[in-house]
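Work through the exercises below with the sequence and the model open beside you. Each task is followed by a solution in steps.

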Amino acid sequence: MTGSLTTHILAARYLRDDENSFTDVCRRVADAIGETQREKETFFSEMHSLRFLPNSPTLMNAGTENGQLAACFTLPIGDSLPTIFDALKWGALIHQSGGGTGYNFSKIRPKASPVRELDGMASGPVSFMQIFNQATEIIRQGGRRRGANMGILNADHPDILTFIHAKEREGDLANFNISVMVTDAFMACIRDGKQDSVWTTHPATGDEVTVGDIWDAITGGIWKNGEPGVLFYNEINHHNPTPLLGEIDAVNPCGEQPLLPFESCVLGSVNLTRFVKEDHIDEVGLKQTTGIAVRMLDRIIDKNTYPLSRIETATKRTRKVGLGVMGVHDTLLMLGIPYDSAKGRVLCGHVMECITTAAVETSHVIAVESDSFPAWDNSRWNKCPMRNAALTCIAPTGSISLLADCSPGIEPVYSYAYTRRHTAGSSFAMLHPLFAQDLATAARDRFSSQPEVDQEINAVISHLRRTGTVQDINWLPASFRRLYKTATDISWKDHIRMQAVFQPRVHAAISKTINMPHSATDDDIAAAILFAWGSNLKGITCYRTGSRREVVYAIGEET
Ligand code: CDP
């Protein structure tokens with residue numbers, strides 16, 4: 001049935017009026033981006049074989065009137081109406097073109113501060129976020145997919161508690177992911193039990209907010225419905241490749257790209273499943289695809305139509321690209337290695353190291369052939385010519401992994417049999433092919449008659465559809481259950497461990513959800529954030545099973 005979901009996604013999002021197939025899409029994209037005939041053929045072959053796919057805006061817009069090819073943008077917002085409404089306008093243009101925007105609202109003065117011109121009171125960052133949310137709501141109606149925003153507030157902003165509670169009611173600020181930016185000093189207070197320290201004081205009212213107030217609101221909010229996310233300011237800026245161009249205070253909507261104001265970034269992901277050769281990964285092939293992918297992403301920077309000249313200038317100054325992987329869990333399944341195992345983590349670390357090293361080598365070669373990125377002199381790379389200030393990250397690959405028919409990004413499979421609802425009321429019954437195959441083998445080994453085998457297989461699948469897990473089916477061999485764990489079977493610590501294996505091996509950041517059981521407490525959530533901070537992550541997103549009504553995957557729904 002997966003085939004029909006792929007076909008549905010292809011038709012709903014990627015095919016232009018005159019196109020009939022994925023081949024047509026790949027041809028259009030390759031022709032628009034490749035410089036020479038040879039390059040066009042190489043790009044075509046990488047996409048068509050599903051070894052590599054660029055982000056959705058490239059697949060949708062390359063070679064069309066809307067030539068906007070990047071997924072990620074961040075825009076600055078100051079403490080004045082012109083800067084706020086400029087950002088609103090620019091954000092609308094970005095969404096219209098298929099990109100997502102991240103904003104840090106911390107420069108906006110807190111609610112109830114004096115506003116000199118009007119002799120009145122400021123309404124604060126959260127009320128302005130409502131306008132951004134509404135604008136996204138309206139614009140999304142015209143586009144092929146919904147626009148996405150990341151709203152960030154620094155923990156020391158006096159409106160921080162209002163901000164953290166802003167999405168408490170389901171449906172509010174629905175077009176935003178929200179994240180609190182915290183410093184090491186803040187996290188050290190938590191670690192050291194200094195919850196009573198005053199972290200911020202309202203300049204006009206004198207109201208004080210303590211570390212504990214903020215922390216409890218964060219963990220309570222996550223417990224309630226998975227937000228806010230937490231961003232680690234120091235870790236992000238410690239790895240800023242161009243610190244002399246300024247500090248990084250914002251990330252794109254799903255968090256994988258910390259960017260400077262006005263920067264944009266085009267993403268692309270290698271489909272790791274295509275490199276499984278019997279019992280190992282074909283590293284030669286992986287490096288070759290990585291090299292081609294970097295050349296393609298770098299070309300896109302020049303071929304792109306930018307929504308704003310300031311975005312073009314900022315982007316071309318550092319030429320950041322975001323190459324990542326998808327199909328990681330499927331790859332581990334193909335190799336028979338559990339996601340939450342030391343062996344799995346070692347393999348993943350090795351693979352990402354291989355990709356980033358090959359990406360850096362290619363970027364160096366392009367720099368020698370043409371030029372380094374313009375801000376290179378003053379960058380952390382200034383000992384070795386480089387074309388791109390940052391090359392790797394891990395994107396969610398929410399749509400392109402469906403096209404490639406593999407598990408998304410570095411996430412574990414959510415369920416091996418489930419119903420997937422999609423736009424326009426259609427739904428698809430999904431059954432993971434490897435799971436189905438191994439289940440059939442296990443059933444044949446255990447039961448003697450064919451009717452019994454069939455009956456037990458059907459019982460497992462319907463149990464899985466109902467509950468989302470096979471961990472409690474006792475006749476299944478322990479090794480089968482060990483391998484076929486889902487995102488919710490895997491412990492939060494092992495989720496974070498996997499993110500921590502990838503983080504030092506990518507230049508930018510990682511989009512990943514840390515699944516927690518329904519029974520998780522505020523204390524578990526606090527422990528997870530501290531563990532993430534201690535593991536040198538740049539940010540963390542947690543989700544407690546069943547805490548939100550709106551979920552993409554519908555476990556327990558009959559087809
Ligand atoms: O798979 P696809 O290329 O469509 O995108 P993704 O990897 O799921 O998301 C990558 C980035 O695209 C996100 O972090 C957002 O910046 C942006 N995005 C968006 O703006 N709107 C969406 N509906 C989905 C993604």
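Angles of 65 to 115 degrees between two axes count as roughly perpendicular, and those left over by the parallel, antiparallel and perpendicular classes count as oblique. The model used here is predicted.

**Exercise 1. The pair H8 and H9**

Task: Find how the axes of H8 and H9 cross, and name the residues that meet.

Solution:
- Step 1. The axes of H8 and H9 come within 10 Å, and the crossing angle is roughly 90°.
- Step 2. An angle from 65 to 115 degrees falls in the perpendicular class, so H8 and H9 are roughly perpendicular to each other.
- Step 3. On the H8 side the contact is made by Phe186, Met187, Cys189 and Ile190, which meet Val211, Ile214 and Trp215 of H9.
- Step 4. Sorted by class, this contact has seven nonpolar residues, with no polar and no charged ones.

**Exercise 2. The pair H9 and H20**

Task: Classify the packing of H9 against H20 and sort the residues of the contact.

Solution:
- Step 1. H9 covers residues 211-225, and its axis lies 9 Å from that of H20, at an angle of about 110°.
- Step 2. This angle makes H9 roughly perpendicular to H20.
- Step 3. From H9, the residues Trp215, Ile218, Thr219, Gly220, Ile222 and Trp223 meet Asp522, Ile525, Ala526 and Ile529 in H20.
- Step 4. The contact of H9 with H20 divides into seven nonpolar, two polar and one charged.

**Exercise 3. The pair H8 and H20**

Task: Work out the class and the handedness of the crossing of H8 and H20.

Solution:
- Step 1. H8 spans residues 184-191 and H20 spans residues 522-534; their axes come within 11 Å and cross at roughly 130°.
- Step 2. H8 and H20 are therefore oblique to each other.
- Step 3. Their crossing is left-handed.
- Step 4. Asp184, Met187, Ala188, Ile190 and Arg191 of H8 meet Ile529, Leu530 and Trp533 of H20.
- Step 5. Six residues of this contact are nonpolar, none is polar and two are charged.

**Exercise 4. Backbone details in two loops**

Task: Locate Pro228 and Ala112, and describe the backbone at each.

Solution:
- Step 1. Pro228 sits in the loop between H9 and strand S10 (229-232).
- Step 2. The peptide bond leading from Glu227 to Pro228 is cis, with omega near 10°.
- Step 3. Ala112 belongs to the loop between strand S3 (100-104) and strand S4 (114-115).
- Step 4. Ala112 is not a glycine, yet its phi is positive, at about 75°.

**Exercise 5. Cavities**

Task: How many cavities of 30 Å³ or more are there, and which residues line the largest cavity?

Solution:
- Step 1. The count comes to four cavities of 30 Å³ or more.
- Step 2. The largest cavity has a volume of about 80 Å³.
- Step 3. Its lining consists of Ile236, His239, Asn240, Pro241, Ile248, Gln257, Pro258, Lys320, Ala390, His507, Ala508 and Lys538.
- Step 4. By class, the lining of the largest cavity has six nonpolar, four polar and two charged residues.

Definitions and conventions:
Residues numbered from 1 in each chain as written. Predicted model: local features only at pLDDT ≥ 70, side-chain atom pairs only at ≥ 80, totals over all residues. Heavy atoms only, no water. Axes fitted to C-alpha atoms, helices over the stretch in contact; angles between N-to-C directions. Helix = DSSP H or I, 4+ residues; strand = E, 2+ residues; numbered from the N terminus. Parallel < 35°, antiparallel > 145°, perpendicular 65-115°, else oblique. Left-handed = near helix turned anticlockwise from the far one by under 90°. Contact = heavy atoms within 4.5 Å. Nonpolar A, V, L, I, M, F, W, Y, C, P; charged D, E, K, R; others polar. 1 Å grid on protein atoms, 1.4 Å probe; cavity = no way out; pocket = protein on both sides within 12 Å on 5 of 7 lines; lining within 4 Å. Points joined across faces, edges and corners; volume = space filled by probe spheres on them.
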